[in-house]
Amino acid sequence: DLGLRAYHNLMDREMPDAEKDKIYETIKAMPEIRGHHQLKTRYAGNKPFMQMHIDIDANLSFKDAHDIIDRLEHALLEVFPGAEVIIHPDPA
């Protein structure tokens with residue numbers, strides 16, 4: 001099992017579907033996020049990495065958009081402690 005996990009890490013394999021489902025559930029719990037796309041996930045050792053684009057209201061102020069991104073990042077860190085999270089907002 002350890003060798004297989006190490007191999008998957010070296011190959012930048014995506015997170016298992018069950019873990020990606022936790023990401024989707026976290027996003028769906030925030031009604032101000034209208035959608036998401038380009039989710040990329042992987043592990044480096046035990047550290048999870050994820051990056052994504054989220055669709056938010058195009059009329060939001062920069063601060064309001066940033067607040068949404070911060071809340072999502074903190075929510076994801078609750079589920080995946082120590083994760084490296086990159087979120088790019090797209091106007092919807």
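These are my notebook entries on a predicted protein model.

**Ground rules.** I count residues from 1 along each chain as its sequence is written. Because the model is predicted, I take local features only at pLDDT of at least 70 and side-chain atom pairs only at pLDDT 80 or more, while totals for chains, interfaces and linings use all residues, and side-chain values use heavy atoms, without hydrogens and water.

**Confidence.** I looked up pLDDT, the predictor's confidence in each residue, from 0 to 100. The protein has a mean of 91, with 87% of its residues at 70 or more. Confidence is lowest in helix H1 (residues 2-10), with a mean of 61, and highest in H3, with 98. Helices (H or I, at least four residues) and strands (E, at least two) are DSSP runs, numbered from the N terminus.

**Strands.** I then checked pairing, which needs at least two DSSP bridges between two strands. Strand S1 (residues 35-44) pairs with S2 in the antiparallel sense through 8 bridges, and threonine 41 faces methionine 50 in S2. The two strands make a hairpin with 2 residues between them, and glycine 45 in that turn has a positive phi of about 65 degrees.

S2 (residues 47-56) is also joined to S3 (residues 84-91) by 8 bridges, and these two run parallel. From S2 the chain passes through helix H3 (residues 62-79) to S3, a right-handed β-α-β crossover (with the strands pointing away from the viewer, the path from the first strand over the helix to the second runs clockwise). Isoleucine 56 is opposite proline 91 in S3.

The side chain of histidine 53 has one with the side chain of glutamine 38 at 2.9 Å and one with that of aspartate 90 at 3.0 Å.

Glutamine 38 lies in strand S1, and its phi is positive, near 55 degrees, although glutamine 38 is not a glycine.

How values were computed. Polar contact = N/O pair within 3.5 Å; in protein donor to acceptor, adjacent residues only side chain to side chain.
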